[in-house]
Amino acid sequence: MALFNDVHYVLASSTQAGRHKKLSALLDLHGATSAPPHTHIIALAGSHIQREYEGSLHVVSDMWVQRSVVLGKLQPTKALTVNVSVVACATDLSQWDLEVLSAGITSLGGQWRTALTRDVTHLFALHKQSDKQFRITQNMNVLDTATPPAPGKLSPSALIPPKNPASVLNKLKTSPGGFYAGTPRLAYRAEYFTGGRDGNILITKGLDHDEEFIIRGVFEISRKNFFFTPDGDFNPANVFHGRLADLKLSCRLTAGRSKAFKFSSRDFPTVVNNLSAFKNLVPKERYYETVSVIQDAIGHGRSIKLTHNLFEANDEAQGGTSDEDGNGSTAITHPDSLGSEFDIVTWPVADRCKGHLQDVASKHNICPLPAYDQNHVLIPPLQYEAKLKGALVEVHMAFYHHRVKKSRRDIFEAVLRELIVLSPPAPMPSSRFKRRRLDDGPCTERRNK
C-alpha cells in the first residue's frame, strides 16, 4: 500500500508556486490525491489556516510530508501540525545567526518574520537596549540571546523610547544611511548613476562605491490625492491606468502642522529647494516636458509626490534572481515571512481588481508599504488609510529620473524606502448638525435646559 494512500490533500493558497509543485509531486508519487473529500490541508505557515479548518481537516506542515517520506511511515499529525504558538523575529543579529534561528524555528513548525508584525510572539535580541528599538506588545516574549532568560514567561517590556522632536531631528541629521532633507544645498553631495532602462538613480558623490542618496524628513501626509491604499484606486476600465502589475501607490507630503515638530514646517521650503536642485542635475533636453515630484495646487500650497511600486516580478517571470526591480524599489521580503494579511492571494483589492490580481499573482510578488506605526509594527494593508491619511510621519526616500523618449518627458520620482508614524491622523472636525433627529425641529432653535 502506498504511503499516503488515504490522504486527500489541499495545499494552502499562500504556498509559493515552486513549492506547491514540489509538494504536489511528492504527495502524488506516494499515493496521495488532491481529489475531494479532503482529509488534510498542508500549510507552510498561517494561523488563519488552522483556525479556519480546525476540527474538519488535519492541518499539517510540509515537514509532516517530508518526515513521513523519509521515515517511510505516516507521522502523527499532532506532532507536526502548523505550530502557531511561536512566531518569531530578531533584531541586530548577524546574518549567520538569523539563518540559524529562522531555520530552527521553521523546522520545528514555528513561523519566522523578517519584520515586527502584529502576530509576532517572540523577539530575539542581543540585549533589551538594542539599537533597533522595538515596542514589545503584551503577548510577546523578549528573548535576550546574550543572557539566558530566567525560567518561566518573561514580562513584557517597552523598548521604544518616547518620540520627542529633538530626538527625531537628531536621528535625521546625524544617523548614518541618509541625509536630512532640510539641509541646505544637498545637491552638491549628489550625482546621478545611469541605470539604463531602470532610470537614473541619485547616489552619494565621492564614495568608493555607489550608494543610493537617501533623503529623510518629517512631513504630514495630505488627505488629498491619497492613494496609499491596497489597490491605489486602480480602475481597469480607465485606459490611462495601464496594467495592474505596473501600479504605483502614491500620496502627497506636506509641511507638518504639529507645534511640537515645528521644524517640519520651518524646513519645508529648503526641502523643496533641494528636490528642485536634484532635478536640475539632469541636463534638460529641448522640447521635453518635465514631470516633477513637487506638486502645486491652488489654495493648498506645495506638496511632494511620494510613490511606491506595489508589485515586483518574481524569479519565474525574470528567469532568474534579482535584488532590485526595474523601478527602483528594493527587493521585498516574501509574504510567507510576513503573515497571511500580506499575501498576494489575499491582498485586499476592490472587486473590480480581483480578476486582474489573479492574473498578476503567478508572476509577481506583492510589495507591502514599508510603513510602521508608532510601535514600529508593520502596518497591514487594511489599515493603510486609517493610520496614514493625515498622519505626521518620518519618511526616508530615494530619488529617480526617467527619460521617456517616446513621449518626450523627463519624469522624476521620490520613491518610498521607509515610513514611521510619529503622530496619528487628527480626528475630523465634529459638528452639532450631524447625527441629529430631523423630526426634532431645528437644532439652532433649541434652548438649553
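Predicted model: local features only at pLDDT ≥ 70, side-chain atom pairs only at ≥ 80, totals over all residues.
Residues are numbered from 1 along each chain as its sequence is written. Local features need pLDDT of at least 70, side-chain atom pairs count only at pLDDT 80 or more, and totals for chains, interfaces and linings use all residues, while side-chain values use heavy atoms, with hydrogens and water left out.

Three strands form an open sheet in the order β1-β2-β3, with parallel pairing. Strands (E, at least two residues) and helices (H or I, at least four) are DSSP runs, numbered from the N terminus. Two strands pair if DSSP finds at least two bridges between them. β1 (9–11) and β3 (58–60) stand at the edges. Each has a single partner strand, so one side of each lacks a neighbour in the sheet. From one strand to the next, the twist averages 25 degrees. β1 pairs with β2 (residues 40–42) over 3 bridges in the parallel sense. Here V10 stands opposite I41 in β2. Helix α1 (residues 17–29) packs on the sheet and touches β1 and β2. The direction of α1 makes about 170 degrees with that of β1. Axes are lines fitted to C-alpha atoms, for helices over the stretch in contact, and angles run from 0 to 180 degrees between N-to-C directions. Contact means heavy atoms within 4.5 Å.

The largest pocket holds about 1100 Å³ of space. A pocket is an open set of points on a 1 Å grid over the protein atoms alone, where a 1.4 Å probe fits, with protein on both sides within 12 Å along at least five of seven lines; lining residues have an atom within 4 Å of a point. The volume is the space filled by probe spheres set on the points, which are joined across faces, edges and corners. Of the 36 lining residues, D246, K248, K305, I411 and E413 are the closest to the centre. β12, β15, β19 (392–404) and β20 (409–423) each supply at least two lining residues. The largest share, 5 residues, comes from β20.

S303 is found in β15 (residues 301–309). S303 counts as buried because its relative accessibility is 9%; buried means under 20% relative accessible area, exposed over 50%, and partly exposed in between (1.4 Å probe, protein chains only). Beyond four places in sequence, S303 touches R252, L253, T254, F268, V293, I294 and Q295.

N235 lies in the loop between β11 (215–221) and β12 (248–254). At 30% relative accessibility, N235 counts as partly exposed. Its contacts beyond four places in sequence are H241 and R352. The C-alpha atoms of N235 and C353 are separated by 7.2 Å, although these residues are 118 residues apart along the chain.
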